[in-house]
Amino acid sequence: MSVYARFGVATVINAAGTVTRLSGGQMHPEVLAAMRDAAGACVDMVALQGGASRVIARVTGAEAGIVTGGASAALLLGAAACLAGLDPARMNRLPEVPDGRNEFIIVRSQRNMYDRALSVAGGRIVEVGIADRYSGSGVRDAAPWEIEAAITPRTAAICYLAQAQSRPSLAEVASVAHAHAIPVLVDAAAQLPPKDNLRRFLAEGADLVAFSGGKAIGGPQASGLLAGRADLVASALMQMLDLDLFADTWNPPDEFARLRQLRGLPQHGIGRSCKVGKEEIVGLLVALERFVAMDDDARQANWRGILQAIVAAANGTSLQLTIVDRPMPLLEVRAPDATALAARLAAHDAPIHCSLGRREENVLVISPSALTAAQGAVIGAALRAI
Ligand SMILES: *Cc1c(COP(=O)(O)O)cnc(C)c1O
């Protein structure tokens, strides 16, 4: 009997991708074993984040990194780092920023609900640009000069959403920011694979970049990582830690040696509610090593194989099934009424949840990222039966 059954909760077949509301994906046994090992012993959490920093620096090319409780937590902590730096007095005041240097500039067309993490830390969002290319009334989006014109002594950072359609380019935004000694904080939560993206945004000028650990990396659902400039990562870490201790008894590891130079020890920071457990930290690190060790082509082939298992098991269905690469392989199911089809799949003995993101076109989208091949066969059979 599964542990979920013990608590009276049904499991689902998650064909919607590694979305948070459906509990992310399924972890590899090696990651599970690492988490179990981690749970069976105690460690100093700063030392553990020091170990995490070495792994993250190696795979991203960043100066430093920490494991967080998700990409959203990484954004909140990264924003707190941009607001407070290594000043314990500023850390203690967040989300208040007494001198008003609390503005995060973001291109209007890149606004999204995850940028709330910046406001939670104490930031104020300043939108820039009019995206004519989205409204259909023109071809332009924000230009680098418009971002530059919004920079004032109140600017804490520029935030950037890493997406293929984001404009201006990250390199252009970083060059404007760095000309004014302002950091760039990048939300790249779902920008993996390709695995090169672990390095790409930092190479293009990001000072901090946030990735989700529970999406393609295959780590614990509630994990993420923040990588970048050593001083900012150290500040972010400081604002998440349990600091109920005396300064003269605290000795952070060499990876965060600059924390030894603070003029005092702040108390629990704005990020204290972003607590990440030792199990998540270890699980994310093992998943990250597995993710970078795997070839992108092999990963794509695995995913495509799961979708092909669905198509094979659905043989004979009147629904139109198409495998597309966007860039992850996805299965599009064209139905007379996609919303009704989704309801029937969700009512299946083993409830099947798909993405309704394209319901207006009557297309259900099936993602392989949280599926096994065996579950693919169940989905195919269900489609055929319907
Ligand atoms: C998924 C996602 C997040 C949140 O990631 P979590 O790891 O669930 O906190 C943030 N930003 C974007 C763009 C995302 O796609």
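Residues are numbered from 1 along each chain as its sequence is written, and side-chain values use heavy atoms, with hydrogens and water left out. Because the model is predicted, local features need pLDDT of at least 70 and side-chain atom pairs count only at pLDDT 80 or more, while totals for chains, interfaces and linings use all residues.

**Cavity and pocket**

Rolling a probe the size of a water molecule over the atoms shows where empty space is left. On a 1 Å grid over the protein atoms alone, a cavity is a set of points where a 1.4 Å probe fits but cannot get out, and a pocket is an open set with protein on both sides within 12 Å along at least five of seven lines; lining residues have an atom within 4 Å of a point. Grid points are joined across faces, edges and corners, and a volume is the space filled by probe spheres set on the points.

The count comes to 1 cavity of 30 Å³ or more. The largest cavity has a volume of about 80 Å³, and its lining consists of L75, I106, N112, Y114, D115, L118, C159, Y160, L161, L185 and D187. Helices (H or I, at least four residues) and strands (E, at least two) are DSSP runs, numbered from the N terminus. Strands β5 (155-161) and β6 (184-187) each supply at least two residues of this lining, and β5 gives the most, with 3 residues. Residues are classed as nonpolar (Ala, Val, Leu, Ile, Met, Phe, Trp, Tyr, Cys and Pro), charged (Asp, Glu, Lys and Arg) or polar (the others, Gly among them). By class, the lining of the largest cavity has 8 nonpolar, 1 polar and 2 charged residues.

The second largest pocket has a volume of about 1100 Å³. Its lining comprises 39 residues, of which G25, Q26, M27, H28 and S369 lie nearest the centre of the pocket. The elements that give two or more residues to this lining are α2 (29-39), α12 (278-293) and α13, and α13 gives the most, with 4 residues. The lining of the second largest pocket divides by class into 20 nonpolar, 16 polar and 3 charged residues.

**Helix contacts**

Axes are lines fitted to C-alpha atoms, for helices over the stretch in contact, and angles run from 0 to 180 degrees between N-to-C directions. A crossing is left-handed if the near helix is turned anticlockwise from the far one by less than a right angle, and right-handed if clockwise.

| Helix pair | Axes come within | Crossing angle |
|---|---|---|
| α13 (residues 296-313) and α15 (residues 373-385) | 7 Å | roughly 30° |
| α3 (residues 45-60) and α12 | 11 Å | roughly 15° |

The crossing angle makes α3 roughly parallel (under 35 degrees) to α12. Helix α3 passes α12 in a left-handed crossing. Contact (heavy atoms within 4.5 Å) involves residues including M45, L48 and Q49 of α3 and K278, I281 and V282 of α12.

Helices α13 and α15 are likewise roughly parallel to each other, with a right-handed crossing. I306, A309, I310 and A313 in α13 meet residues of α15, among them A373, G376 and A377.

**Backbone features**

A cis peptide bond with omega of about -15° joins L192 and P193. The peptide bond from P193 to P194 is cis, with omega near 5°. P193 lies in the loop between β6 and α10 (197-203). A181, in the loop between α9 (170-179) and β6, has phi near 55°, a positive value in a residue other than glycine.

Definitions and conventions:
Angles under 35 degrees count as roughly parallel, over 145 as roughly antiparallel, 65 to 115 as roughly perpendicular and the rest as oblique.
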